[in-house]
Amino acid sequence: LPPQDTSQVTLYVVYFAFLGNNGSCGLHSNVSSMGGAASTTITTTFGMLVRNASLPTLRYMVMDTPIGEGYPHQSSNWSHQTFANESDMVIDEIGLNISINDTDISDSYSSQQDNNSEVLRRLADGVANISEIMSDTSEDISGRLEPNGTRNSRAGGDDKGAPNKADDDATESKNEHTVWIDDMAHSQHHSIPLWCAQTYFGQVAEGTNVLEVSAETALSPFSHFLVYTASSLVEQSTPGNHLIHDAQALVRNVNYVGMDLDLDELGGIVLWQPPLHTFRVEAYVVYLATSGAGKHRSLIGGDVPVNATDVAVPLDTPRETFTHFLVYTKSALVEQTTPASHLFFDEASGAENVTFIDEDLDLGEVGGILVWRDSGDVSEVTHYLVYFSQNDLGDNRLHISTSTLGTNSLTIPLNTALLSFTHFSVYAKSPLGEQTTPTSLRVIDTSASVSNLIFEDRDLDVGELGGLVVWTPPAKTSRVVGYHMYLAVGSFGMLRSPFGGEVLVGTNEGVLLADTRIASYTHITVYAKSVLEEQTTPAALRLSDT
């Protein structure tokens, strides 16, 4: 909110900063002797020096006169450090060198930007004749850095206490500077926050009370925003401040339940637990990616509502080269940069080692038991679907039957017409759907009919038959266990009547007993028989009564 009186305000200037700890910014001074001089290195920002150009608030700089008993402070923790005639203060972020002597601050510098010269001259003007100003001021100046990082008890006369007059004279005769350093945390006179590493962020004209912070703005090491009012002449010394709450909303325990049973295809559910705090989260966004950091990512669906904790991955989603699922939280402003990730493993699940032996001995017909085994992780498999198809990819398929998981066989009824199909195709099915690529088996149609059927009638009575029936066995008899003979009407075995009993495989003839009445029969038929059943279509021979 703006101040009550804005009559002199022209700008609001915003900085990043962090709050000093125990009177220190952690910007320690390294003091070492080099060629008879001491060097103090201070990490700060150019903006800090400009803002603190007036002496009472100029902190972390080497004072050029000893501070005696009149120093207005009640702390018992004191120490001192003697410096040579010149001390180099190296401002780390912009590479400036400031030389301090008894009378002025010169602007000898090495700068990355030429226009820093004028600012340094103004700074020098503000702190010229430090000795004279120090003797006249009653301002309590604190927060000066202690170069060696130690505190010593104040005691009279020794090298750990306050210097006496003789010490002062000796110091002056050497033209050296003795610096008293106080730890601000022990001061009883100051409660002003110590703002460290102040870094310019932006500014707005008076009348505007909003400054947008862009997404992905780096925060470290800052903890606060500082807002200074500025007139046409100067920026205020004491800012308003705001503790930055760096919202973090990373989902937890990302998991993937794969239900697509094909290799190199994905489908299922990505699940996660919400962040511990979701008050800034408006949605979740889920991607496939080639790394846990989000490389080459591909969006899955759209924004997921904040009250949901899962998203469906469509069946048959190509895996390509993806290895991870990523879940990002999304605020009203932007999607987070660093996601939660899950490394997934893709494997095929379903049937393998499909086998089938055709026990139907007729050409163009099949019958027998189709058998398969589970393959891979079948935890998501619920059923197997069996089809006839015209190739191993399952094209032009015809559904035969469905089996539940655990029933890994299917009886194909005898006399099932093969038609134009060439394969059995077995598909696994999950709750999400049926797999795309089946496990297929080419059908081998077993045909085992006898041939060259011969019968010579030895019964000389009209209307009666008797004699020996002879045939040539099938080319392959591996599935044949025997033969059956019938008298029948027509070559297809209509109204048939058996005779002679079963003839075992290896025997290729049978006997029709004498005095068998021919009645209306017209043919002798012979059927090969498998372990399941005799064939449907016989070998046939027209009768001739002699």
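Biologist: In which strand does Glu456 lie?

Modeller: This is a predicted model, in which local features need pLDDT of at least 70, side-chain atom pairs count only at pLDDT 80 or more, and totals for chains, interfaces and linings use all residues. Residues are numbered from 1 along each chain as its sequence is written, and side-chain values use heavy atoms, with hydrogens and water left out. Strands here are DSSP runs of at least two residues, numbered from the N terminus, and Glu456 lies in strand E28.

Biologist: Is Glu456 buried, partly exposed or exposed?

Modeller: Buried means under 20% relative accessible area and exposed over 50%, with partly exposed in between (1.4 Å probe, protein chains only). Because its relative accessible area is 49%, Glu456 is partly exposed.

Biologist: Which residues does Glu456 touch, leaving aside those up to four places away in sequence?

Modeller: Contact means heavy atoms within 4.5 Å. With residues up to four places away in sequence not counted, Glu456 touches Gly466, Gly467 and Leu468.

Biologist: How far apart in space are Glu456 and Leu512, C-alpha to C-alpha?

Modeller: Glu456 and Leu512 are 56 residues apart in sequence. From C-alpha to C-alpha, their separation in space is 10.0 Å.

Biologist: Why does Leu513 count as exposed?

Modeller: Leu513 lies in strand E32, which covers residues 509-517. Exposed is the class for a relative accessible area over 50%, and Leu513 counts as exposed because its relative accessibility is 61%.

Key:
Helices (H or I, at least four residues) and strands (E, at least two) are DSSP runs, numbered from the N terminus.
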